[in-house]
Amino acid sequence: MPRVIAALALLPFAGAAAAQDSSDETVTSMYLESIRWDTPALVAFLREMPKGADLHSHLSGAVYAESFLRWAAEDGACVSRVELRIIPGPCASGADTVAAAVALADGVLYSALVDGLSMRNWNAARVNGHDQFFATFGRMYSTRRRTGDMLAEAARRAAAGNVSYLELMLTPDGGAARSLGDRAGWLGDFARMRDTLLALGLDRVVALSRARIDSVEARRDTVLACGTAAADPGCAVTVRWLYQVARATPPQQIFAQILTGFVLSRDDPRVVGLNLVQPEDALIAMRDYSLHMRMIGALRPLYQSVRVSLHAGELASGLVPPEGLRFHVREAVEIAGASRIGHGVSVMHEDRPYELLAEMARRGVLVEINLTSNDVILGVKGRDHPLRAYLTAGVPVALSTDDEGVARSEMTMEYVRAAQQQLLRYPDLKAMARASLRHAFADEATKTRLTRELEAAFSRFESRIAQRAR
Ligand SMILES: [Zn+2]
């Protein structure tokens, strides 16, 4: 008996209806039910499924350790055997530091470095997931000349997983906004801060950022041979940027970064908004959270074309004092005016959570759901995750990867978790893929094109699945 027919028998009420309604979509839905616990088949099915956008992806975290190590070797950089990190060249002589090229020829060291730069073989007895995860960012190969290679890797992988749009978080100014903030100092008044930063030459930071994005995208085109007969499928992935603000920094630096994010997004159509990053539970991020929300809320009316997505509620019981769990998502929505929330894991710890959910549904605030990341960083998965609460309340949701390289994941595996740990059905998954494009920050014409392509891709996909299943 074909598996899809067997699945019908497992569904007490759906069976008769589905037998009559044998549209490709229904058969595809039944097929997923038949393979839900057959993980290899589920992986193949979900990889082939069109997924729309990945709205929450930090470019540095999207890159696999193997790539960083290869580039470090090609560029003459070094690695630390003890700290398991990449260090810019030239290599200092010492027993600890060796050329990255040497590490590529030493299987044991290479393997240890890949582990140190990611969550692979992560040992929970030695270091908790949160600390291991965030520590990897300080160990990576951070060099400007490879940012385009990083984009190429993310785009290539997106195409291979049937993701058609990426909104990537990046800090393109190389720290210039933070330096400018220090020159201004913290004045305690948002209007004066803005005037001072503009007078000090914030436009130069914006120009620098735009030039950097030019070079990053040009390098992507070279690496993927875009515009040639041999173009990689990654060239067809539409990319937009979110300016990434480091939230665990002093107020003058944060304000300067937020302002840079607004001006850059207003002036450059490739940059569609901003987001606050770094651990939400860090000392400054917790202490100044409300201040940061007020900064964004004060600047947003001056830059009305700019959209804001915020990491909020990337917290769990015990990670911070209970009082810290009560207001982050609400303030991100109500004070900062965020159009999207990243994570939102602690939402049910907030004051009046059901009112908050209703408000998010009413405002159409989408939550970027990062199942793998929430599991490895926060230890939250399965029934501990609030995805079901969002769905029940009608809050738009979409799956995203957060840091697929660090987490050793990819978009397909987020869908696998959604199917097996959250028990979502095919219509739920399809709705999330559609929502991801609807809530993207790209211009309407781009979104209309991507949505049309997504619907066509769904028709082709369901037709193929139905043919195989029938
Ligand atoms: Zn994130």
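These legends describe close-up views of one predicted model.

**Conventions.** Residues are numbered from 1 along each chain as its sequence is written. Because the model is predicted, local features need pLDDT of at least 70 and side-chain atom pairs count only at pLDDT 80 or more, while totals for chains, interfaces and linings use all residues.

**Figure 1. The whole chain.** The chain holds 24 helices and eleven strands. Helices (H or I, at least four residues) and strands (E, at least two) are DSSP runs, numbered from the N terminus. The radius of gyration is 23 Å, close to the 23 Å that the globule rule gives for 470 residues, so the chain is as compact as a globular protein of that length. That radius is taken over C-alpha atoms, and the globule rule is 2.2 Å times the number of residues to the power 0.38. Along its principal axes, the C-alpha trace spans about 70 × 55 × 50 Å. Of the 470 residues, 49% count as buried. A residue is buried if 20 or more other C-beta atoms lie within 10 Å of its own, exposed if 12 or fewer, and partly exposed in between, with C-beta atoms placed from the backbone. Among contacts with a separation of 6 or more, 76% join residues 24 or more positions apart. Two residues are in contact if their C-beta atoms, placed from the backbone, lie within 7 Å.

Figure 2. An α-helix has 3.6 residues a turn, so residues three or four places apart point the same way. G201 follows α12 and has a positive phi, near 105°.

**Figure 3. Helix α6 crossing helix α8.** The axes of α6 (residues 65-74) and α8 (residues 107-116) come within 9 Å and cross at roughly 125°. Axes are lines fitted to C-alpha atoms, for helices over the stretch in contact, and angles run from 0 to 180 degrees between N-to-C directions. The angle makes α6 oblique to α8. Angles under 35 degrees count as roughly parallel, over 145 as roughly antiparallel, 65 to 115 as roughly perpendicular and the rest as oblique. A65, E66 and L69 of α6 make the contact with Y110, L113 and V114 of α8.

**Figure 4. Helix α14 beside helix α16.** The axes of α14 and α16 (residues 289-299) come within 10 Å and cross at roughly 35°. From α14, the contact uses P251, I254, F255, I258, L259 and F262. From α16, L291, H292, M295, I296 and L299 take part.

**Figure 5. Backbone details in loops.** A cis peptide bond joins G89 and P90, with omega about -5°. P90 sits in the loop between β3 (85-87) and β4 (97-99). L84 lies in the loop between β2 (78-80) and β3. Its phi is near 50°, a positive value in a residue other than glycine. L84 is partly exposed, with 19 other C-beta atoms within 10 Å. R408, in the loop between α21 (404-407) and α22 (411-420), has a positive phi of about 60° although it is not a glycine.
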